[in-house]
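This report describes part of a protein model in plain terms. Please look at the sequence and structure shown here before reading on.

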Amino acid sequence: MRVIYTDNNATTKVADEVLEEMLPYFGELYGNPSSMHTFGDKVDKKIKQARQRVADLINADPDEIVFTSCGTESDNSAVFSAINAFPEKKHIITSKVEHPAINKLYQHLQETKGYEVTFVPVNKKGLLDLDLLYDSMTDNTAIVSLMWANNETGVLFPIEEIAKKANEKGILFHTDAVQAAGKVSIDVKKTGVTMLSLSGHKIHAPKGVGVLYIKKGFKFSPYLIGGHQEKGRRGGTENTVSIIGLGKACELARENLPVMNTKVRELRDYLQTRLLEAIPGSSVNGDLDQRLPNTLSIGFDAVEGESILLMLDRDGICASSGSACTSGSLEPSHVLMAMKVPFKSAHGSIRFSLSHYNTKDEMDIIIKALVPVIQTLRDMSPFWKDGKVI
Amino acid sequence: MWDYTDKVKEHFLKPRNVGEMEDANAIGESGSLNCGDALKLFLKVNENERITDVTFMTFGCASAVASSSALTEIIKGMTLDDASKVTNDDISDYLGGLPKAKMHCSVMGQSALKKAIANYRGVQIMAKPGKLVCECFEVTDLEIIAVVKENGIKTTEIVTDYLKAGGGCGQCLDRIEEILESVNAEGKV
């Protein structure tokens, strides 16, 4: 069966060019980049190239790039390093809509280490309450960590403005840019963040590799203590193959950024418009403008997300939901709840996240498949009658 | 993806007895739009108290739909006395089992059935007996005690799997733990 993959905020296809770049390093070029011999040095040179390519994507210096195992490790390393750097400061700030890599970590620090945490709320469009954010920044704040783009809704936070404010107040600022990379332009020099997280598998590199950008001058303390790799900032032999793949993926992401903001945006807008037209009782979650070009979170009244996904799955359509039933928890996603999306549509919210591999044909297939799926489920729903919620 | 049996998938994709019944003489409802699943059960009961027809309408995930469908197949043709003995385990067994975190879907079936039978018999279902423990999902202490006893539950997580209680804001988890301890302590005496 043909697979239509519109779950690119979950993970992405490894690009053919990326795979090709990696293959020799799975095989004959297995050397350790730390070795003294030429054989190992061949790999070391390739890692240097990868580091440069990653740096180029975000306008960093190669020395500011630390390879990690994933976005979660990058986020955790950043936060732990910040609280190690300022042991006397016992207050940390984030938002209510972060990825668990930050959200759960902050909860952990609150519950087990006595940190005072400000979870800054968002409005109905998913936009951050900036006044509250700025008011909560104090001399006691060790770190502000905010995502650049939300994984569920695609809503963008004004990272440049926030970083500026944090810098003025002398507070360390970290951003989880895992969803933003390759979709919006990132310039760490212009933005002025101290640390920034990336993940390989969201930008057509393999799983199991991430990046932490660390601004020159910040006294970073390693999370994984071990060898001298990554200039002592992250112990452990490099995941050479994946790092090489990530380098290539970053090069491609830079080239494809215009495509993301033209072709992919047009496809997303087409899907959004057609679904809103074809399905009554549907609504978009999140601000329409301050949003990633590839993401559509759309809620359908009086039906439940898992049911929608499983019916779409029969047609090979891959999407995801903010519904409770797919995540193992019972409440709809913390992101939709923080936005106060009404229960009637929160439970039936589906996320389509596109990549440049998607086509208009695929959008048409999704629209054609989804209309009867919603109809079937509404015919069965006790809360839907005569074209509206009862 | 949830680990559903083929039977759950089959009943989800081809649910039996779906729809509103115009001439039903007993209706039972369980769940709500807010909790993420709800079932409305319609029965036609003849003068011998036998269920001659049954339909349902369900809002919820695949296992909620499948549990509702299974329930209708189980009780069709039964007398109300027999139907009142149907438990959530019967529904789950009929489907070859449900994932642990989805047991509440079968409980929802049992609950709607009880209400439909009470509705037919003209028994007024009062506000739930007992004290409210979980405010998010409106679960009382008596409901928790019953499910803990019936299923030999030892942990709060399993209580949540069965009743959803404690699965929302989590504020009542300590209270559920207390109930668990007291019920299980009783059992040992």
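Helices (H or I, at least four residues) and strands (E, at least two) are DSSP runs, numbered from the N terminus. The model is predicted: local features need pLDDT of at least 70, side-chain atom pairs count only at pLDDT 80 or more, and totals for chains, interfaces and linings use all residues. Residues are numbered from 1 along each chain as its sequence is written, and chains are lettered from A and ligands numbered from 1 in the order in which they are written.

In chain B, three strands form an open, antiparallel sheet in the order β1-β2-β3, where two strands pair if DSSP finds at least two bridges between them. β1 (26-32) and β3 of chain B have a single partner strand each, so one side of each lacks a neighbour in the sheet. β2(B) and β3(B) are joined antiparallel over eight bridges, and Leu43(B) is opposite Val54(B) of β3(B).

α2(B) lies across β2 and β3 of chain B, at about 175° to β3(B). Axes are lines fitted to C-alpha atoms, for helices over the stretch in contact, and angles run from 0 to 180 degrees between N-to-C directions. Residues are in contact if their C-beta atoms, placed from the backbone, lie within 7 Å.

Chain A gives 19 residues to the contact between the chains, and chain B gives 20 residues. On the chain B side, these elements give two or more residues:

| Element of chain B | Residues |
|---|---|
| β2 | 37-45 |
| β3 | 51-59 |
| α2 | 62-75 |

Note on methods:
Contact = placed C-beta atoms within 7 Å.
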